[in-house]
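Q: I am new to this structure. Can you take me through it, feature by feature?

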Amino acid sequence: MDWSFVLSTVVTGLVVVFLILLLLIGSLALTGKLLADSKNKKKPALMPVKISFKNNLPVKSAPVIEKPRTDEKQVIAVITAAIQAYGEEAGKKLKITDIKKREPRDLQRAPCRSVWGNAGVSESMR
Amino acid sequence: MQVFTESIKELWEKSGFVNGSLLELIMLAISLVLIYLAIAKKYEPLLLLPIAVGMLLTNIPGANMFNPAFFSGEEVNFAQVFNQGGLLDILYIGVKLQIFPLLIFFGVGCMTDFGPLIANPSSFLLGAAAQAGIFLTFLGAFALGFPLNESASIAIIGSADGPTTIWLTTRLAPEMLGPIAIAAYSYMALIPVIQPPVMKLLTTKKERAVRMAQLRFVSKKERIFFPIIVTVLVGFIIPDALGLVGMLMFGNLFKESGVVDRLVKTSQNELANIVIIMLGMAVGATAKAENFLNGRTLMIIGLGLTAFILSTACGVLFGKLMYLFGGKKTNPLIGSAGVSALPMAARVTQKIGQEADPGNYLLMHAMGPTVSAIIGSAVVAGIMFSLSGV
């Protein structure tokens with residue numbers, strides 16, 4: 001084996017590695033574009049989502065602490081962003097139609113397992 | 001009484017104390033040092049400890065747990081191995097037939113997130129650039145007198161990828177498997193020591209402080225298409241690399257599909273652990289005194305270190321090119337993560353980047369070149385196998 005063969009092996013190897021990885025870059029870009037296009041073409045139906053956000057705080061029994069409007073707006077913004085992110089992942093377009101604040105006692109009427117509890121149960125049942 | 005004396009004498013004559021040599025004692029001492037490094041210093045213990053144990057077992061005189069002669073011919077006589085071989089001979093079949101490295105790569109695929117790479121495909125180029133260090137070391141090894149097949153096996157140490165190194169060395173230069181595997185895993189553990197000086201030498205503080213844009217969201221469909229595309233493309237161009245790349249990608253497909261969680265968990269844990277034990281011990285068993293204690297082993301150790309340094313340097317230099325010609329948006333440090341040492345290389349990049357700018361988070365950006373290097377090093381191994389004339 002002489003140096004010319006060795007050098008040609010090195011050059012060939014480098015060229016082929018870069019070529020393959022460039023082809024992979026191109027394939028990924030194309031795949032990403034095709035998947036993005038197919039998602040836009042479908043126009044999924046709007047699914048209305050109701051979020052209960054109703055203010056029922058009693059006025060006489062406890063002093064009313066006026067929360068600034070920006071707090072509620074920030075909460076709404078965060079929930080809206082989370083729903084949109086979920087919708088994108090699921091391939092659906094979601095629209096918020098109503099916002100009502102739920103009273104804490106509403107949650108107590110229907111006690112349910114915590115999210116961690118549910119995760120643990122589904123893990124065991126698999 | 002005489003029978004008793006004769007029996008004791010017979011046992012003594014068969015013992016390691018009579019049949020041992022100085023070279024085997026030295027190998028036992030080296031294996032103990034490796035065990036210390038694995039346990040006390042935590043140098044890649046998952047593989048270094050089984051390798052060190054295999055080395056210890058194979059060098060105890062008279063035990064004959066591993067017989068290299070069974071595997072030295074053109075064809076392996078498996079009947080002889082099963083009838084006359086020891087435990088390590090039988091475990092070595094998994095190495096010889098390429099089964100163990102491929103199963104480990106399947107497990108690696110199940111554990112790897114290719115999201116950062118899909119989100120920033122230019123990371124592929126950094127992974128490719130770092131592989132240039134392998135080719136440069138290949139030239140250096142040939143210049144030092146190693147034949148092509150051995151030069152390729154030594155050079156692949158620079159990939160910082162254990163299964164790939166073992167896969168290629170088993171095919172090209174199986175007699176060098178012991179020292180090459182030990183060098184590869186030792187240097188992988190030393191990445192936090194080897195890489196930073198090279199990274200700092202080749203970059204300025206301003207370059208190290210570059211903040212990169214947040215990576216885009218990668219959809220599930222992209223994550224599912226990615227392994228299929230890579231397997232088909234690489235398989236068609238370099239069929240010899242299909243074993244490694246295919247197993248890596250299908251492990252990843254299992255993970256990303258989300259419908260075979262039980263299989264993924266088994267591959268990530270039980271399967272990977274069992275194979276690591278068997279692979280490590282079998283590889284360590286090849287490090288017998290006559291194979292290991294010679295001048296070539298020192299050269300392998302030196303060339304292995306050179307390969308690591310060159311791979312890091314090539315990756316960083318290409319990162320600098322991307323920084324200069326890409327609008328100064330790429331931090332050159334992520335090029336150093338173009339070695340397959342997942343996730344240590346990315347962590348080192350993060351650490352050095354934070355030294356220059358404490359608020360800079362490069363970890364996920366560095367993961368792109370690291371996972372790209374896993375694919376790149378498998379491709380390089382396939383090319384080297386194809387071109388090295390064996």
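A: Start with contact: it means heavy atoms within 4.5 Å. By that rule, 32 residues of chain B touch 28 residues of chain A. This is a predicted model: local features need pLDDT of at least 70, side-chain atom pairs count only at pLDDT 80 or more, and totals for chains, interfaces and linings use all residues. Residues are numbered from 1 along each chain as its sequence is written, chains are lettered from A and ligands numbered from 1 in the order in which they are written, and side-chain values use heavy atoms, with hydrogens and water left out.

Q: How much area do chain B and chain A bury between them?

A: The size of an interface is often given as the accessible area lost when the parts come together. Here that buried area (accessible area, 1.4 Å probe, lost on being put together, summed over both parts) is about 2,900 Å², 87% of it on carbon and sulfur atoms. Phe135(B), Phe142(B) and Leu387(B) supply 18% of the area that chain B buries against chain A, more than any other three residues.

Q: Which element gives the largest share of the side of chain B that touches chain A?

A: Helices are DSSP runs (H or I, at least four residues), as are strands (E, at least two), numbered from the N terminus. α16(B) gives the largest share, nine residues. By class, this side of chain B has 27 nonpolar, one polar and four charged residues. Ala, Val, Leu, Ile, Met, Phe, Trp, Tyr, Cys and Pro count as nonpolar, Asp, Glu, Lys and Arg as charged, the others, Gly among them, as polar.

Q: How many salt bridges are there between chain B and chain A?

A: A salt bridge puts a side-chain nitrogen of Lys or Arg within 4 Å of a carboxyl oxygen of Asp or Glu. Between chain B and chain A the count is zero. Over all chains it is nine. Glu355(B) pairs with Lys200(B), the closest N and O atoms being 3.1 Å apart. Glu355(B) lies in helix α21 and Lys200(B) in helix α14, 155 residues apart.

Q: What is the volume of the largest pocket?

A: A pocket is an open set of points on a 1 Å grid over the protein atoms alone, where a 1.4 Å probe fits, with protein on both sides within 12 Å along at least five of seven lines; lining residues have an atom within 4 Å of a point. Points are joined across faces, edges and corners, and the volume is the space filled by probe spheres set on them. The largest pocket has about 740 Å³. Of its 29 lining residues, those closest to the centre include Glu44(B) and Met111(B). The lining divides into 19 nonpolar, six polar and four charged residues.

Definitions and conventions:
Buried area is the accessible area (1.4 Å probe) that two parts lose on being put together, summed over both.
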